[in-house]
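I opened this model to look up its cores, its surface and its charged pairs. My entries are below, in the order I made them.

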Amino acid sequence: MSKGLAAALQEWKIQEKEFHQLQESHRLYLQKLEEVSKLQKYVAGSIAHQKKNLKDNLKSLKKFSKGLTEEENNVVEETKERIRNMPNLILQMETFLPKKNGIYLSLVLGSVNVNLPTKDAKAEYKDEYERFKLYVTVILFLLSFICCFFVNYRFLDALLNFLLVWYYCTLTIRETILISNGSRPDGESYQSFRIQFLAYCLYQSFVQYLQYYYQSGCLYRLKALGERHNLDLTVGGDCLVEEH
């Protein structure tokens, strides 16, 4: 047997041995996945049981608010405080467990589990989300600048509009996934922004409502005069775009 063939066969034996080890590791991996799945169901059931017991315990303690000695009252108040703190601890546990998606994610993604299993995975997804916002914002800025000052192509304008719609839709999905993994957007900064944003939405809706009636009147008048076709559209005041 030549040295080359012997070396090739030896390499194959080593690879075959490594492959058997890989098969064993994969079998162990599947076994651990099954164990994790069972453990997740057990923990989820235990959490639901704990939530119910907390409510029942708090109700039962409220019945003993009168006729207690000072020592008994201190014990009851201390117990109530511990009960009130437990939901926060339970919430931290739930962020690492699979759960049903909300209405929005269910409509977009179906029943796919979007809960990330570890703190590192959650942090990495959050960092990737921030990078996504930065990169797409830069692209949108450059494309807007080019369309505004250098070129006048309808295709690039349509591409910019598509990117804007895609960006905000994708951003909403990513933010909802972050919320599902324990992100807390409902803070003071969000509340201060919320009023301004809702005021803007009200103003925009009102202006669009008035614009609709104004444009409809312009289009109706021009159609009656025979200056426009039935499929013409109003865009921005009395500017008309003809559809063929």
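These are my notes on what I looked up.

**Ground rules.** I am working on a predicted model, where local features need pLDDT of at least 70, side-chain atom pairs count only at pLDDT 80 or more, and totals for chains, interfaces and linings use all residues. Residues are numbered from 1 along each chain as its sequence is written, and side-chain values use heavy atoms, without hydrogens or water.

**Annotated span.** I checked the UniProt record: an unreviewed entry puts "transmembrane region" at residues 132-153. Such annotations may be inferred rather than shown by experiment. In the model, that span is 82% helix and 0% strand, and its end C-alpha atoms lie 27 Å apart. Helices here are DSSP runs (H or I, at least four residues), and strands are E runs of at least two, numbered from the N terminus.

**Cores.** Which residues have the most contacts inside the largest nonpolar core? I found F132, V136, L140, L143, Y167, L171 and I177, in a core of 16 residues. Helices α4 (119-149) and α5 (154-180) each supply at least two residues of this core. Another core, of eight residues, lies apart from it and includes I47, L58, L61 and I83. A core here is a set of buried Ala, Val, Leu, Ile, Met, Phe, Trp, Tyr and Cys residues joined through side-chain atoms within 4.5 Å. Buried means under 20% relative accessible area, exposed over 50%, partly exposed in between (1.4 Å probe, protein chains only).

**Contacts.** I count a contact when heavy atoms lie within 4.5 Å. Setting aside residues up to four places away in sequence, V136 touches W166 and Y167. R174 sits in helix α5. Is R174 buried or exposed? R174 counts as buried, because its relative accessibility is 17%. Beyond its neighbours within four places in sequence, R174 contacts Y125, E128, Y129 and F132.

**Salt bridges.** I found 10 in the structure; each puts a side-chain nitrogen of Lys or Arg within 4 Å of a carboxyl oxygen of Asp or Glu. E24 and R27 meet at 2.5 Å, N to O. They are three residues apart in helix α1 (residues 3-62), so about one helical turn separates them. E35 pairs with K32, with the closest N and O atoms 3.8 Å apart. E130 and K126 meet at 3.3 Å, N to O. About one helical turn separates E130 and K126, because they are four residues apart in helix α4. A network of salt bridges links K126, E130 and K133.
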